[in-house]
Amino acid sequence: MHSLRNALEQAQKNGVAVGHFNVADLILLKAAFAAAQELNVPVMIGVSEGERQFVGDRQIAALVRSLREEFDFPIFLNADHTHSLAKAMEAAKAGFDSIVFDLSALPFDENARQTKEAVAALKKINPNILIEGEIGDIGTGSEIHEEAPDISKGLTNPAEAKQFVEATRVDILAPAVGNMHGMLKSMVQGETRKHLDIARIAQIKSATRIPLTLHGGSGTDDEDLRKAIAAGINIVHINTELRVAWRRGLEQGLAKEPNEVVPYKVLPTAVEAVKQVVLSRLKLFNNR
Ligand code: G3H
Ligand code: ZN
């Protein structure tokens, strides 16, 4: 039986990270699964509150479970950026493997108090579910942003990270270490890259000793990603890069067949475009 806890322990042992890819439809899910299958590495599928509203909690849970069972494959489902206990409970009941309980916009004490309560409530529904807590500021959505947000004041402090993990008993921590959600136009064009505070990651790891997630992975410098994984990052989230490939792939598929109305003849171009991005990231995260 595949378990996310086990996949994270193996990743830590092997000095690699589990790739986490957000999906909002079957194109993205097929692409992420095909890439993971090709490389034979564990993979996490993420669905944020907005993505879940579109695909349905129970529906995506059934799809991911069917892939795991039919192919005996370590594919896991994460309820990404969940901002209320009610939504987190829906995901836990639907059978998700993990939940990012994200109250990072609240003051530290309030975030810690409510996250602690959520951990207890969610483990009652499923004792094996993993809960990720989040502190610090990593900006807003997985979109193309006009301007860079100022995330310098919201970086996670290692002592606070330790205090948060001890107070809440989260299984996984998402720190702010120079990462941010989304991409700038210059990143989409490949002219600029995000850079990470590697020393801070190492300090947070030694202070907390639990799995760490890097959010906002799109557009990050490859060398920084390698160093971040070596310093203790165990999960890397990628969304915007997939969304860009999804849109371009769809446009190409439609342009190639201007009169085609059969979806399964048009959509494989989009699946392939997204799959190439996932392959490239999974190779990097797994030192291939
Ligand atoms: O939770 C999702 C991610 O953190 C994705 O961030 O869109 O910058 O890749 P990204
Ligand atoms: Zn995120």
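Two strands pair if DSSP finds at least two bridges between them. Helices (H or I, at least four residues) and strands (E, at least two) are DSSP runs, numbered from the N terminus. The model is predicted: local features need pLDDT of at least 70, side-chain atom pairs count only at pLDDT 80 or more, and totals for chains, interfaces and linings use all residues. Residues are numbered from 1 along each chain as its sequence is written.

**Exercise 1.** Find the strands that pair with S3, and follow the chain from S3 to S4.

Solution.
- Step 1: Start with strand S2 (residues 43–47), which pairs with S3 in the parallel sense over five bridges. Here Met44 has Phe76 of S3 as its bridge partner.
- Step 2: Turn to strand S4 (residues 98–101), parallel to S3 and joined by three bridges. Asn78 is opposite Ser98 of S4.
- Step 3: From S3 the chain passes through helix H5 (residues 85–94) to S4, a right-handed β-α-β crossover (with the strands pointing away from the viewer, the path from the first strand over the helix to the second runs clockwise).

**Exercise 2.** Is strand S3 (residues 75–82) mostly covered or mostly uncovered?

Solution.
- Step 1: Take the cut-off: buried means under 20% relative accessible area, with a 1.4 Å probe and protein chains only.
- Step 2: Apply it to S3: eight of its eight residues are buried, so by this definition the strand is mostly covered.

**Exercise 3.** Which residues make the contact between H7 and H9?

Solution.
- Step 1: Contact means heavy atoms within 4.5 Å.
- Step 2: H7 gives Pro158, Ala161, Lys162 and Val165, while H9 gives Arg200, Gln203, Ile204, Ala207 and Thr208.

Methods
Chains lettered and ligands numbered in written order. Heavy atoms only, no water. Buried < 20%, exposed > 50% of the residue type's maximum accessible area, 1.4 Å probe, protein only.
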